Amino acid sequence: MQITIHPKYQNQEEAILQLVMAFFGEGDLIVKGSRNIIKSNLLGTEKVNIKFFQKPGIIKSIIYSFFRSTKAKRSFDYANYLLDHHIPTPFPIAFIEERNAFGLLGNSFYFCEQIDYDFTIRELIHNPQFPERRIILEQFTEFTFKMHEARINFLDHSPGNTLIVNKGNGKYNFYLIDLNRMIFEDLSIEKRMDNFKKMWLSKLMVKIVAKKYAQLSNQSEDKLQSILMEKTQQFKRKTARKKFLKRKIGK
């Protein structure tokens with residue numbers, strides 16, 4: 001078992017390992033997927049999140065062991081990159097990898113701070129009457145713009161992957177989660193607008209995002225709105241086709 005801990009938590013290695021050993025029997029379940037599980041538990045007096053990545057198949061195990069960083073390591077490294085560039089994300093505490101005698105990856109774990117959030121973008125999408133909807137969307141656009149300026153192309157920029165905390169008086173804080181898939185690169189305007197496509201924005205939301213992004217980037221509002229609308233509609237059509245084919249194959 002290999003463990004990497006943030007210097008801030010270096011004196012809690014034993015407690016972190018104990019939480020790993022007790023993972024399946026203790027803690028509060030947050031998400032249970034087919035291969036990944038997220039739980040919350042106490043590290044001393046602090047509530048933390050623990051994400052479990054199940055042992056990959058042999059091919060992926062070889063890839064993650066020798067050619068590419070593991071999901072747990074990427075989560076830790078990317079979180080540190082985000083914080084270094086002033087993009088909020090739950091604080092990275094540690095990652096743990098189990099490896100066999102040949103160095104092949106087994107199960108792995110990622111520890112981070114727990115954020116007690118109020119909602120995600122998903123709630124805004126499904127509720128046009130959501131309080132301060134326009135204000136939140138404008139601030140989310142500014143958050144995304146700062147991310148783009150830091151050369152971060154977050155490939156999983158989707159409705160559930162940004163936690164939102166209501167600070168009161170029309171102020172909101174945003175935190176990126178599920179950090180495995182990122183590219184660090186200079187982003188063209190096309191790529192920047194493409195990065196919003198998974199948000200399932202309505203036509204009105206597209207207009208709000210395009211207007212705010214145009215103000216921040218000194219780009220043409222009409223140009224951004226046109227690109228963003230096209231990217232959004234392409235994504236929605238592609239997703240609809242996939243769902244249709246799945247239904248057809250399933251019959």
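Which residues line the largest cavity? The lining consists of Leu19, Ala22, Phe23, Glu26, Gly27, Lys39, Ser40, Asn41 and Ile50. The model is predicted, so that local features need pLDDT of at least 70 and side-chain atom pairs count only at pLDDT 80 or more, while totals for chains, interfaces and linings use all residues. Residues are numbered from 1 along each chain as its sequence is written, and side-chain values use heavy atoms, with hydrogens and water left out.

A cavity is defined on a 1 Å grid over the protein atoms alone, as a set of points where a 1.4 Å probe fits but cannot get out; a pocket is an open set with protein on both sides within 12 Å along at least five of seven lines, and lining residues have an atom within 4 Å of a point. Grid points are joined across faces, edges and corners, and a volume is the space filled by probe spheres set on the points. Under these terms the structure holds 1 cavity of 30 Å³ or more, and about 40 Å³ of space lies in the largest cavity. Strand β3 (residues 36–43) gives the most to the lining of this cavity, with 3 residues. Helices (H or I, at least four residues) and strands (E, at least two) are DSSP runs numbered from the N terminus.

The largest pocket has a volume of about 640 Å³. Its lining comprises 29 residues, of which Val31, Ile38, Asn49, Ile177 and Asp178 lie nearest the centre. The elements that give two or more residues to this lining are β2 (28–32), β3, β4 and β6 (105–113). Strand β4 gives the most, with 4 residues.

Asp178, one of the residues nearest the centre of the pocket, also takes part in a salt bridge with Lys51, at 3.2 Å from N to O. This pair links distant parts of the chain, 127 residues apart: Asp178 is in the loop between β10 (171–176) and β11 (182–184), and Lys51 is in strand β4 (residues 46–53). A salt bridge here is a side-chain nitrogen of Lys or Arg within 4 Å of a carboxyl oxygen of Asp or Glu. Asp178 is partly exposed, with a relative accessible area of 31%, whereas Lys51 is buried at 14%. Buried means under 20% relative accessible area, exposed over 50%, and partly exposed in between (1.4 Å probe, protein chains only).

By the salt-bridge rule the count comes to 10. Another of these pairs joins Arg151 and Asp186, whose closest N and O atoms are 2.9 Å apart. Arg151 lies in the loop between α5 and β8 and Asp186 in the loop between β11 and α6 (189–194), so the pair ties together parts that are 35 residues apart in sequence. Asp186 is exposed, with a relative accessible area of 60%, while Arg151 counts as partly exposed at 34%. A further salt bridge forms between Glu190 and Lys231, with the closest N and O atoms 3.3 Å apart. It links helix α6, which holds Glu190, to helix α8, which holds Lys231, across 41 residues. Glu190 is partly exposed at 41%, and Lys231 counts as buried at 17%.

Most residues other than glycine have a negative phi. Arg151, however, has a positive phi of about 65° although it is not a glycine, and this residue lies in the loop between α5 (133–149) and β8 (152–154). Asn218 likewise has a positive phi, of about 60°. Asn218 lies in the loop between α7 (203–217) and α8 (221–250) and is exposed, with a relative accessible area of 73%.

The buried residues of α5 include Arg133, Ile136, Leu137, Phe140, Phe143 and Met147.

On the surface, Ile58, Ile59, Ile62, Ile63, Phe66 and Phe67 form a nonpolar patch with about 640 Å² of accessible area together. Phe66 is found in helix α2 (residues 58–66). Patches are made of residues with over 30% relative accessible area and no salt bridge, with like charges joined within 9 Å and nonpolar side chains (Val, Leu, Ile, Met, Phe, Trp, Tyr) within 5 Å. Accessible areas come from the Shrake-Rupley method with a 1.4 Å probe, and for residues only the protein chains shown count as cover.
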